[in-house]
Amino acid sequence: MIVLLDNGHGSLINAVYQTPGKRKDWLDKGIIYEGEFNRAIVNGIIEELTFMKIPYVNIAPEYRDVRLQTRMNRANIYPKAKSFYLSVHSNAGGGHGSEMYTSPGDTKSDKIATIFGEEYKKEFPNRKLRTDFSDGDLDKEAKFHVLIKSKMPAILTESFFMDNFEEFNTILNTRAGRRQIINYHVKAIVRTKVEIFNEPMPTNFMP
Ligand SMILES: [Zn+2]
C-alpha cells in the first residue's frame, strides 16, 4: 500500500501566504494559514510513516499552491489497487468538529473513511464527527476535485474549523492538538494497511 499524501493549498514563501483566503486572522491571538497547517500535519504523518517504513508519496512538496490537476497527474500514475489518496485540510465557514469526505460511489473509500472517523473519535472522544459518504450530499462532495479525479480510493479530512476560536486556540494552533491530529491519521493509515489492503502490521507501530 502506498499512501498518497496531499497537503491542501499553498503555504508560506518568504512569509508570504500563497493561497487567497484559506486563513483566519485572530489578531493578537495569532493567525492560521490552512496550507501551513495542512503541511504541518502531512509532515508529521510522513515522519511516522518513515519510522514504520510504510511507503508514501508527498503529492505536493512545494510551498506554492500546486494546481489540483497537477496533483491528480502526480497521483494517478500509482496503481489503483495498491494506493489510496489522503487529502488533509482544515475547515472554515462556521461550525465545529471534523469531517471525513469520500469519492462518490467508491465503497473502498467509504471503508477507509469509516476507519479514519473511528480513530478520530478515539483521539477526540468529546469532539463532533461529521461524515459525508457518497450517497449523501453530492453538492458538497462535488467541489472536491481530488476525490472525483483520483482513480484510486480517496478521502479528504477536514480537521476542525479555523474560524472557531475555541478549536483554533486549543487544537489547531497548539503543538499538542496538531500531534493528536497527526496521531489519528497515522493510526487510521496503519489500520487501512492491515484491514483494507490485507498487509501485515508494520514493525515499529506504537499505538
Ligand atoms: Zn482546504
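Asn-14 is placed in the loop that runs between β2 (12-13) and β3. In this predicted model, Asn-14 has a positive phi of about 50°, although the residue is not a glycine. Its relative accessible area is 75%, and Asn-14 is therefore classed as exposed, the threshold being over 50%.

With a relative accessible area of 65%, Asn-198 is exposed.

Asn-38 belongs to helix α1, which spans residues 34-52. Is this residue buried or exposed? Asn-38 is buried, because its relative accessible area of 0% falls under the 20% limit. Not counting residues up to four places away in sequence, Asn-38 touches Asn-7, Gly-8, His-9, Val-88, His-89 and Ser-90. Two backbone atoms are found beside polar atoms of the Asn-38 side chain: the backbone oxygen of Val-88 at 3.3 Å and the backbone nitrogen of Ser-90 at 3.5 Å. A further relation concerns Ser-159, which stands 121 residues from Asn-38 along the chain, while the C-alpha atoms of the two residues are separated by 9.4 Å.

**His-89 in strand β7**

His-89 is part of strand β7, residues 83-91. The relative accessibility of His-89 is 9%, so this residue counts as buried. Which side chains make polar contacts with that of His-89? One is the side chain of His-9, at 3.2 Å, and another is that of Glu-34, at 3.1 Å. When neighbours within four places in sequence are left aside, the contacts of His-89 are Gly-8, His-9, Glu-34, Phe-37, Asn-38, Leu-156, Thr-157, Glu-158 and Ser-159.

|---|---|---|
| Asn-38, side-chain polar atom | Val-88, backbone oxygen | 3.3 Å |
| Asn-38, side-chain polar atom | Ser-90, backbone nitrogen | 3.5 Å |
| His-89, side chain | His-9, side chain | 3.2 Å |
| His-89, side chain | Glu-34, side chain | 3.1 Å |

**The largest pocket**

The volume of the largest pocket is about 400 Å³. Its lining comprises 27 residues, of which His-9, Lys-22, His-89, Phe-144 and Glu-158 are the closest to the centre. Two or more lining residues come from each of the elements α2 (68-75), β7, β8 (98-102), α5 (145-149) and β10 (154-161). Which element gives the most to this lining? Strand β7 does, with four residues. By class, the lining of the largest pocket is made up of nine nonpolar, nine polar and nine charged residues.

**Aromatic pairs**

A pair of aromatic rings is described by the distance of the centres and the angle of the planes. How many aromatic pairs are there in this model? The count comes to twelve. In one of these pairs, Tyr-17 and Tyr-33 are tilted, with 4.6 Å centre to centre and 45° between the planes. Tyr-17 lies in strand β3 (residues 16-17) and Tyr-33 in strand β5 (residues 31-33), so this pair ties together parts that are 16 residues apart in sequence. Both tyrosines, Tyr-17 and Tyr-33, are buried.

Another tilted pair is that of Phe-165 and Phe-168, with 6.1 Å centre to centre and 40° between the planes. Both residues lie in helix α6 (residues 165-172), three residues apart, which is about one turn of the helix. Phe-165, at 27% relative accessibility, counts as partly exposed, whereas Phe-168, at 0%, counts as buried. Ring pairs also link Tyr-120, Phe-124, Phe-160 and Tyr-184 into a cluster.

Technical notes. Residues numbered from 1 in each chain as written. Predicted model: local features only at pLDDT ≥ 70, side-chain atom pairs only at ≥ 80, totals over all residues. Heavy atoms only, no water. Buried < 20%, exposed > 50% of the residue type's maximum accessible area, 1.4 Å probe, protein only. Contact = heavy atoms within 4.5 Å. Polar contact = N/O pair within 3.5 Å; in protein donor to acceptor, adjacent residues only side chain to side chain. 1 Å grid on protein atoms, 1.4 Å probe; cavity = no way out; pocket = protein on both sides within 12 Å on 5 of 7 lines; lining within 4 Å. Points joined across faces, edges and corners; volume = space filled by probe spheres on them. Nonpolar A, V, L, I, M, F, W, Y, C, P; charged D, E, K, R; others polar. Phe/Tyr/Trp six-rings, centres within 6.5 Å; stacked < 30°, edge-to-face > 60°.
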